[in-house]
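Hello,

Here is the structure I promised to pass on. Please open it alongside this email, and my notes on what turned up will follow just below.

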Amino acid sequence: MASSSSSSSGVAERRGIPAASFVEDVQTYLSQSGLDVNTSLAFFQERLQQYKLVEMKLLAQQRDLQAFVADFEVSEGIYSRARVEDSDSVCLWLGANVMLEYSCDEANALLRKNLENAKASLEVLIADLQFLRDQVTVTQVTIARVYNWDVHQRRLRQASASKDS
């Protein structure tokens with residue numbers, strides 16, 4: 001028997017984001033899952049909303065990382081650029097009410113390391129967003145396929161009932 005659904009890319013999840021299943025054969029999917037059309041549609045709609053919430057979270061993280069790469073945070077949501085004139089040391093705010101004084105070389109090394117980490121995190125985040133967008137698309141297509149299958153079945157039942165009358 002042909003599979004009624006399969007993962008969009010063969011991956012079950014990516015960093016906690018579940019992969020969407022594309023429904024090849026709606027009737028087989030419904031009979032194998034034991035769901036009716038409305039329950040199935042409700043499940044897919046709920047999954048779609050979960051994907052949208054994760055997307056909003058990831059987009060916020062992406063904004064924060066992109067701001068970090070270019071600027072430093074002065075206050076919550078306020079970023080600026082700095083230029084350090086010739087100095088023996090600089091003070092860096094590390095967060096959690098901690099500020100440390102570093103030599104310029106140490107500060108430069110720390111900031112470069114943080115920048116590399118931020119860029120690597122941004123690359124992973126962009127890949128997560130692409131995976132998530134693929135799952136949203138698969139889910140939307142599946143919703144449309146289940147809905148259209150249901151409309152087709154109703155029309156067939158109406159046509160059959162009309163012939164019987």
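The structure holds 2 aromatic pairs, where rings of Phe, Tyr and Trp (its six-membered ring) pair if their centres lie within 6.5 Å, with planes under 30 degrees apart counted as stacked, over 60 as edge-to-face and the rest as tilted. In one of them, Tyr29 and Phe44 have ring centres 5.8 Å apart and planes at 35°, so this pair is tilted. Tyr29 sits in helix H1 (residues 26-33) and Phe44 in helix H2, so the pair ties together parts that are 15 residues apart in sequence. Both Tyr29 and Phe44 are buried. The rings of Phe43 and Phe44 have centres 5.3 Å apart and planes at 65°, so that pair is edge-to-face. Together, Tyr29, Phe43 and Phe44 form one aromatic cluster.

A word on where this comes from: it is a predicted model, in which local features need pLDDT of at least 70 and side-chain atom pairs count only at pLDDT 80 or more, while totals for chains, interfaces and linings use all residues. Residues are numbered from 1 along each chain as its sequence is written, and side-chain values use heavy atoms, with hydrogens and water left out.

The cut-offs are under 20% relative accessible area for buried, over 50% for exposed and in between for partly exposed (1.4 Å probe, protein chains only).

Now for the chain as a whole. Its secondary structure comes to 3 helices and 8 strands, taken as DSSP runs numbered from the N terminus (helices are H or I with at least four residues, strands are E with at least two). Along the sequence they follow the pattern β-β-β-β-α-α-β-β-β-β-α. The radius of gyration is 26 Å, well over the 15 Å that the globule rule gives for 165 residues, so the chain is more spread out than a compact globule. That radius is taken over C-alpha atoms, and the rule is 2.2 Å times the number of residues to the power 0.38. Along its principal axes, the C-alpha trace spans about 95 × 30 × 20 Å. Of the 165 residues, 25% count as buried.

Helix H2 (residues 37-70) also holds Glu55. Is Glu55 buried or exposed? Its relative accessible area is 16%, so Glu55 is buried. Leaving aside residues up to four places away in sequence, Glu55 touches Leu129, Leu132 and Arg133, a contact being heavy atoms within 4.5 Å. Gln66 is found in helix H2 too, and with a relative accessible area of 40% Gln66 is partly exposed.

Finally, have a look at the loop between strand E7 (89-95) and strand E8 (98-103), where Ala96 is found. Asn97 has its place in the loop between E7 and E8 as well. Most residues other than glycine have a negative phi. Phi of Ala96, however, is near 55°, a positive value, and phi of Asn97 is near 60°, also positive. Ala96 counts as exposed at 75% relative accessibility, and Asn97 counts as exposed at 71%.

Enjoy exploring it!

Best wishes
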